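Hi there,

Here is the structure I promised to pass on to you. Have a look at it first, and then read my notes below.

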Amino acid sequence: MKDEELVKLAIEARSLSYSPYSHFAVGAAVLTKDGEVFLGANVENASYPLTMCGERNAIYNAYMHGKTRDDIVALAIVADSPNVCSPCGACRQVIDELLLPSARIVLANLKGDMKVTNAKELLPFSFSKDDLQ
């Protein structure tokens, strides 16, 4: 699947966002090596720390359907932002642990801007299970 197609699916997922407080709807789409796509959108809560980001919802959706880090080949994230939508720190930590370092991460916005990176570039010098030894 081309990056543009994955971004279109993330835009569709964005329409399911529940973001009455920030008014910043985020959509995400995870692509697995067998061609399956798992969607996610941000879901806010009046108690802000209980909010869940779109990219984490998409990744967790894939995991809840039996996928693992070895299955995920790409993640697209999109929002109506001036620049491409970049994941927050919490999402970067989840991406680092639950996706392979080489997984394609497509950052996009509704204007059609895109930047392709990978999990390793998003969080250099990451904290991992190896640090807990």
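**What I found**

The side chains of Ser126 and Asp96 are joined by a polar contact of 2.9 Å (a pair of N or O atoms within 3.5 Å; within protein, one must be able to donate a hydrogen and the other to accept it, and residues adjacent in sequence count only if both atoms are side-chain atoms). Their C-alpha atoms lie 7.4 Å apart, although the two residues are 30 residues apart along the chain. Ser126 sits in the segment after helix H4 (119–122); helices (H or I, at least four residues) and strands (E, at least two) are DSSP runs, numbered from the N terminus.

A word on the source: this is a predicted model, where local features need pLDDT of at least 70 and side-chain atom pairs count only at pLDDT 80 or more, while totals for chains, interfaces and linings use all residues. Residues are numbered from 1 along each chain as its sequence is written, and side-chain values use heavy atoms, with hydrogens and water left out.

Now for the nonpolar cores, meaning sets of buried Ala, Val, Leu, Ile, Met, Phe, Trp, Tyr and Cys residues joined through side-chain atoms within 4.5 Å. Buried means under 20% relative accessible area, exposed over 50%, partly exposed in between (1.4 Å probe, protein chains only). The largest core has 21 residues, and Val30, Ile59 and Leu75 are among those with the most contacts inside it. Strand S3 (72–79) is one of the elements that give two or more residues to this core, and S3 gives the most, with four. A second, separate core of ten residues includes Val7 and Val106.

Happy exploring!
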